[in-house]
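Colleague: I'm new to this one, could you put it up and talk me through it?

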Amino acid sequence: MIEATEFGRRLPYHPHKLTLLFSAMRHFRDDLREQGRNVDYQQVETFEEGLDAHFDAFPNDELVVMRPSSFRAGEQLGDLVAQYGGDLDVVDNDLFLCSRELFDDWAGDETSYRHENFYRFMRRETGYLMADGEPVGGEWNYDDQNRETPPPEYSPPEPPSFEPNETTESVREWVEETFTGGYDVPPLGGDWADPEPFRWPVTREQARTVLDHFVSDRLDTFGPYQDAMRAENWAMHHSLLSAALNLGLLHPRNVLDRVTQAAHERDVPLNSVEGFLRQVLGWREFVRHVYRREMPGLATANQLDQTEPLPEAFWTGETDMACLSDVVDGVRKRGYSHHIERLMILSNFATLLGVEPQSLNRWFHAAYVDAYHWVTTPNVVGMGTFGSPVLSTKPYVSSANYVDKMSDYCGDCPYYKTKTTGERACPFNALYWDFLDRNAGTLQDNHRMGLVYSHLDDKSDDELEAIRDRAAALRDRARQGTL
């Protein structure tokens, strides 16, 4: 195992991301050694130094690695090993449920993929929530039951957290000392973040505790409120399992078996079980393979020709927009926000503003504890910014109306959710109509956007001119950090 400091300097990663990764590695090393295994653990500056030291001790060693999910990582590792006189056998990655061959058989020669079709395919292949070849309950998808807003008295269970042991605390201190400053452009290292005490699972045992807590205390109400956003409830009823899954501390089959077993043992609402299944069995597997098949072009895709820089507010949280400020502050504290905050606050705002997809992707990759290139690139470039058509047929954008419907942010926000133009009009509104206006040549003929374009057509020339002026002023303020 190679713990390469250089890895942590590729991006200004959140301190919790690096603490999670390196602490999990060291715990795994110690577990293996306690089992009697001989572990060569290299703590070095670069992967090259680690391989050099390993082959000095074990000349001509033959290494085996599961195929990494990130593009060309397996080939790059093979090239490095060969430079030091070793051989590398790259084997299938068994931390997923859908193999490369299975997905390729399903997709064929397609270059545009539909998640719903894949999700139904995987339900049939695995048998999850299936009975006699049909979906349990008679429907494949209960998404229309997953958009409720919690009542004012809503009080979700406290999310699990873990007191750092000596290993984790040592890593946390090392990360804090090592990954500050040293980058070419601001923000410097992890200094942009404002981390709370570290809370994430770093061992398989801890990850299983998070899974048990989700199944026993959070699963039943996960479904109806999974798209809701509350300023005082950052975790809601979400599972908080993505970081552990992406590290390999949990296998998706174990997670899905545990959730579906609970559904058999007690009366768990079907929309909660199916909604979770759709995320883990469907979306997670789906984006992994779309990324694999569509790289390297997916990483640089920008079909809407968006060129705005990422606003400084994404690093600082300094903005009068209550929703954006709260979500960014949560990321700065925990390296986490749930999927609707990622899609309909962060990505939505950046897309409407015209931010270059690659700049937003870089931020997501650096900011989140569960982020890796294979995760963020399809989610941000493909879906979040509509930089590529391979994942969705329309952009996921909205005005303040959606934010108000699904959250409690708008009530205390200095901006007015019902106004489109004027000094205190919510930025989402003018930017939404301006986005539709300036991308009409690309989007107007999209059959899924006919209704919104009919509303745009109803606006007078004077209204459109005021919207364009307001949007231009908002882009200037975003560049200047005065939103």
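Colleague: What radius of gyration does the chain have, and what would a compact globule with 483 residues have?

Modeller: This is a predicted model, in which local features need pLDDT of at least 70 and side-chain atom pairs count only at pLDDT 80 or more, while totals for chains, interfaces and linings use all residues. Residues are numbered from 1 along each chain as its sequence is written, and side-chain values use heavy atoms, with hydrogens and water left out. The chain has a radius of gyration of 23 Å, which agrees with the value near 23 Å for a compact globule of 483 residues (taken over C-alpha atoms, the rule being 2.2 Å times the number of residues to the power 0.38).

Colleague: And how many residues are buried, as a percentage?

Modeller: Buried residues make up 54% of the 483, where buried means under 20% relative accessible area with a 1.4 Å probe, protein chains only.

Colleague: Switching topic, how many helices and strands are there?

Modeller: The chain holds 22 helices and six strands, which are DSSP runs (H or I, at least four residues, for helices; E, at least two, for strands), numbered from the N terminus.

Colleague: At what angle do α15 and α16 pack?

Modeller: Helix α15 (residues 339-353) and helix α16 (residues 357-367) pack at about 145 degrees with axes 10 Å apart, the axes being lines fitted to C-alpha atoms over the stretch in contact and the angles running from 0 to 180 degrees between N-to-C directions.

Colleague: Which residues make that contact?

Modeller: Arg 342, Leu 346, Ser 347 and Ala 350 of α15 meet Leu 360, Trp 363 and Phe 364 of α16, contact meaning heavy atoms within 4.5 Å.

Technical notes:
Buried means under 20% relative accessible area, exposed over 50%, partly exposed in between (1.4 Å probe, protein chains only).
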